[in-house]
Amino acid sequence: MILVNTNYISGKELETLGLVKGSTVQSRNIGRDITQGFKQIVGGELKAYVEMMDTARALATKRMVDEAEAMGADAVIHIRYASATVMQAAAEVIAYGTAVKFK
């Protein structure tokens, strides 16, 4: 499966199959939230949240690819990511793009 954030794949003629997406909602445990709260006081990277968001993006991407494969796609073009806070210390991540088949 080819994944790109462009509207084309060089050298390929594409047939559009449709929109595909994958999403997840992730949260950290309360113990990690407390330690990250202390980190906010002194400054610096909140590594636990970086890891959480990396995991969420990977899972959302996998779910998007699974949906594209179920449609018979060869690639997903114009991939985008979005995130939103669902509740305190929980975030939704969505990956979406256009599933295409090579002609």
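**View 1. Confidence along the chain of the predicted model.** In this predicted model, the mean pLDDT of the chain is 87, with 84% of residues at 70 or more. Where pLDDT is low, the predicted coordinates should not be read in detail.

**View 2. The open sheet of four strands.** The strands follow the order E1-E3-E4-E2, and their pairing is mixed. Because E1 and E2 stand at the edges with a single partner strand each, one side of each has no neighbour in the sheet. E1 pairs with strand E3 (residues 75-87) in the parallel sense, over two bridges. Within this part of the sheet, leucine 3 is found opposite valine 76 in E3.

**View 3. Helix H2 against the strands.** Helix H2, formed by residues 47-70, lies across E1, E2, E3 and strand E4 (90-102).

View 4. Lysine 103 and glutamate 13 meet through their side chains in a salt bridge, at 3.7 Å from N to O. The two residues are 90 residues apart: lysine 103 belongs to the segment after E4, and glutamate 13 to the loop between E1 and E2. The whole structure contains four salt bridges.

**View 5. A nonpolar patch on the surface.** Val25, Val86 and Met87 make up this patch, and together they have about 290 Å² of accessible area. Valine 25 is located in strand E2 (residues 14-27).

Terms used:
Residues are numbered from 1 along each chain as its sequence is written. This is a predicted model: local features need pLDDT of at least 70, side-chain atom pairs count only at pLDDT 80 or more; totals for chains, interfaces and linings use all residues. Side-chain values use heavy atoms; hydrogens and water are left out. pLDDT is the predictor's confidence in each residue, from 0 to 100. Patches are made of residues with over 30% relative accessible area and no salt bridge: like charges are joined within 9 Å, nonpolar side chains (Val, Leu, Ile, Met, Phe, Trp, Tyr) within 5 Å. Accessible areas come from the Shrake-Rupley method with a 1.4 Å probe; for residues, only the protein chains shown count as cover. Two strands pair if DSSP finds at least two bridges between them. Contact means heavy atoms within 4.5 Å. Axes are lines fitted to C-alpha atoms, for helices over the stretch in contact, and angles run from 0 to 180 degrees between N-to-C directions.
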